[in-house]
Amino acid sequence: MNTQISTKSSRSPVSRLLHTLFGNWDRTQLSISFILVGLMAISPLFVRSPYYMGIIILACLYSFIGISWNIVSGFSGQLLIAHIIFLALGGYTTIVLLNTFRVMPWVGILLGGVVAALAGWVIALITLRYGLKMDYFALFTIALLVALRTLFLKWDFVGGAVGMYIRLAEPSVAKMIFATKPPYLYIALTLLVAGILIQYQIYRSKMGKYFIAIREDEAAAAALGVNTSRYKTIAVLIGAALAGVGGGFYVMYVTFIDPTGLFNLGINVEMVMAGPIIGGLGSLLGPILGALVNKPIAELVRGTLAEGRSGISLIVYGVFLITSIIVLPRGLAGLFHNLYLRLYRPSQDIE
Amino acid sequence: MALLEVQNITKRFGGLVAVRELSLTINQGQIVALIGPNGAGKTTAFNIIAGYYKADGGKVIFNGREITNLRPDQICGLGLARTFQVVRPFGGISVLDNVMVGAYAHTSDAKIAKAKAEEVLESLGLQRMANQMAKGLPIAIRKRLEIARAVATDPQMILLDEAMAGLRPTEAEEVIGMVRKLSENGIAILLVEHVMKVVMSLAERIIVLHHGETIAEGEPAEVVKNKQCIEAYLGEANNVGS
């Protein structure tokens with residue numbers, strides 16, 4: 001593979017294709033992402049068990065959610081710890097629109113994204129107005145999560161503490177209710193493909209460079225003409241909108257939402273943060289690689305240890321997360337990147 | 001007409017007056033040095049001009065337009081760039097990407113920004129480092145990168161805050177060459193510098209600050225003869241042994 005990639009000038013269509021797909025690390029990450037998407041897309045051919053199918057669907061959704069967080073916290077470096085707020089708001093929007101106003105979930109999910117984006121905009125406005133950065137920004141989002149949980153627990157219109165269910169009816173495409181798992185998988189995959197492309201476009205554009213400049217050094221970025229307030233707001237808006245859409249789909253898939261389930265920092269770690277951190281925060285591939293490792297392991301730990309003393313599974317999962325951070329500070333994507341450089345760099349030198 | 005006109009700017013930190021009624025003018029392509037002992041208010045003056053501090057009084061006019069208390073990014077957009085005394089490279093990305101951030105100041109097109117960044121790197125002799133991470137670079141290169149990023153924003157004027165501090169003489173010589181070249185290309189330079197050799201060889205005019213006030217101003221040869229100036233700055237510096 002090594003030599004094939006290196007021979008830029010060779011006329012063989014195979015090597016030209018390899019160069020297009022793997023010619024630089026960014027493109028390589030994109031290609032690997034799509035290979036993983038492809039594997040998930042054909043997984044129903046091999047995976048018969050609905051239980052395992054469910055894990056793949058959620059791994060796919062977690063990848064998408066991980067991307068939404070990666071854009072805010074990985075690229076622009078804003079510690080949006082309680083990102084799950086946007087998932088919850090997107091989920092609630094979708095289910096309220098469906099149950100109360102009979103709005104098709106296909107539309108509801110998108111409106112969930114809009115509501116989440118609005119919330120993101122308000123968060124950005126407030127934190128910028130009061131100059132909340134880094135840990136203060138993180139704490140503000142956590143405080144907001146707690147406040148919103150309390151509000152939703154008391155708010156009868158959205159079901160209060162009981163939450164809301166989707167009334168299961170006959171399977172119907174319009175209502176996004178399916179008797180089998182694969183349709184859900186393909187919806188999740190569609191979201192993921194959109195997420196991968198959006199993330200890649202941002203990363204390669206002026207916007208992405210500006211996000212990263214802000215992450216690396218905000219004052220220096222401003223000196224180079226970056227309107228830091230504007231770009232920080234945009235990052236939160238995009239991340240929130242995507243997470244809101246993801247939350248909408250999540251609720252349609254699990255058919256249920258309640259305040260303690262989603263306005264929940266523990267779940268936030270598993271659904272939002274673990275994937276990108278294990279996979280490599282700030283990289284293109286990280287959220288996907290991470291989710292594909294994180295979700296099955298979280299599920300395995302829960303499945304095998306949940307019967308014993310309660311809490312053991314969480315301890316084991318916690319140890320796993322800590323270990324992965326210590327062993328791979330740049331995540332799996334960092335490991336892959338080193339591997340890629342080892343394969344690729346010598347061949348560049350020959351040229 | 002003067003390119004940069006600073007009129008009576010004042011900055012207080014609590015009871016301390018860091019800069020008192022400072023005025024200065026700089027013409028296009030001119031190199032002016034701001035010198036003075038530690039704590040004289042040089043960097044504070046920079047930070048006011050570049051929009052990092054709000055002035056407690058006075059005005060800054062750039063290119064005929066008042067820029068007092070505009071945001072740093074707006075000031076950069078108008079063609080007044082700066083570097084930092086303690087260099088602040090974007091460590092996690094490559095040298096080229098660092099310079100591209102600057103090059104995006106006047107375009108949104110990635111190809112144009114990349115070409116511009118490559119051109120700047122080439123002109124400042126950094127092209128060989130283009131793909132290296134900024135984090136691991138030696139200080140001399142990081143100082144030059146700091147200037148390269150500022151140049152990439154297409155400025156009419158650059159504020160250089162101790163761009164040569166901490167460099168070996170040969171390295172400083174290279175940076176002096178860079179600064180001269182920028183000035184020949186019509187970019188005005190206001191520099192803060194401690195190394196008198198640098199100041200004497202580069203500056204057309206020197207402004208001496210002490211306790212936030214201008215105590216002397218003029219051509220290098222005049223200023224070094226100024227008694228007040230020798231007492232305040234050069235005398236002290238000589239005693240310290242630099």
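Predicted model: local features only at pLDDT ≥ 70, side-chain atom pairs only at ≥ 80, totals over all residues.
**View 1. Chain A, overall.** The secondary structure of chain A comprises 16 helices and 2 strands. Its C-alpha trace spans about 70 × 55 × 45 Å along the principal axes. The radius of gyration is 21 Å; a compact globule of 351 residues would have one near 20 Å, so chain A agrees with that expectation. Buried residues account for 48% of the 351 residues. Of the chain A contacts between residues at least 6 apart in sequence, 74% link residues at least 24 apart.

**View 2. Helix 6 of chain A.** This helix covers residues 105–129, 25 residues in total. At 1.5 Å a residue it should span 36 Å, and its end C-alpha atoms lie 35 Å apart, which agrees. A:Gly131 follows the helix, with a positive phi near 60°.

**View 3. The largest nonpolar core.** This core holds 185 residues. A:Cys60 and A:Ala188 have the most contacts inside it. Helix 11 of chain A, residues 228–254, gives the most to the core, with 16 residues. In soluble globular proteins, nonpolar side chains tend to be buried together. Leaving aside residues up to four places away in sequence, A:Ala188 touches A:Ile57, A:Cys60, A:Leu61 and A:Phe249.

**View 4. Where chain A meets chain B.** Here 19 residues of chain A are in contact with 23 residues of chain B. On the chain A side, helix 9 (206–216) and helix 10 (218–223) each supply at least two residues. Helix 9 gives the most to this side, with 6 residues. By type, the chain A residues that touch chain B divide into 10 nonpolar, 4 polar and 5 charged.

**View 5. Chain B, overall.** Chain B has 9 helices and 10 strands. Its C-alpha trace spans about 50 × 40 × 35 Å along the principal axes. With 242 residues, a compact globule would have a radius of gyration near 18 Å; chain B has 18 Å, so the two agree. Of these 242 residues, 46% count as buried. Among chain B contacts with a separation of 6 or more, 65% come from residues 24 or more positions apart.

**View 6. The open sheet of chain B.** Four strands form this sheet, in the order 2-1-4-5 and with antiparallel pairing. Strand 2 (16–26) and strand 5 (65–66) are the edge strands, each pairing on one side only. Strand 1 (residues 4–13) and strand 4 (residues 57–62) pair in the antiparallel sense over 5 bridges. B:Thr10 stands opposite B:Gly57, a residue of strand 4. Strands of a sheet pair through backbone hydrogen bonds, either parallel or antiparallel.

View 7. Strand 3 runs parallel to strand 8 (residues 188–192), joined by 4 bridges. In that pairing, B:Ala33 has B:Leu191 as its bridge partner. Strand 3 also runs parallel to strand 9 (residues 205–210), again through 4 bridges. There, B:Val32 stands opposite B:Arg205.

**View 8. Helix 5 of chain B.** Helix 5 has 14 residues, 139–152. At 1.5 Å a residue it should span 20 Å; its end C-alpha atoms are 20 Å apart, which agrees. Because 11 of the 14 residues are buried, the helix is largely enclosed by the rest of the structure. The buried residues include B:Ile141, B:Leu145, B:Ile147 and B:Val151. Charged side chains can be found on the buried list too, among them those of B:Lys143, B:Arg144, B:Glu146 and B:Arg149. The cover over the buried residues includes strand 6 (80–82), strand 7 (157–161), helix 3 (95–103), helix 4 (110–123) and helix 6 (169–184) of chain B. After the helix comes B:Asp154, whose phi is positive, near 60°.

Terms used. Residues numbered from 1 in each chain as written. Chains lettered and ligands numbered in written order. Rg over C-alpha atoms; globule rule 2.2 N^0.38 Å. Buried ≥ 20, exposed ≤ 12 C-beta atoms within 10 Å, placed from the backbone. Contact = placed C-beta atoms within 7 Å. Expected span 1.5 Å × (residues − 1). Core = buried A, V, L, I, M, F, W, Y, C linked by C-beta atoms within 7 Å. Pairing = 2+ DSSP bridges.
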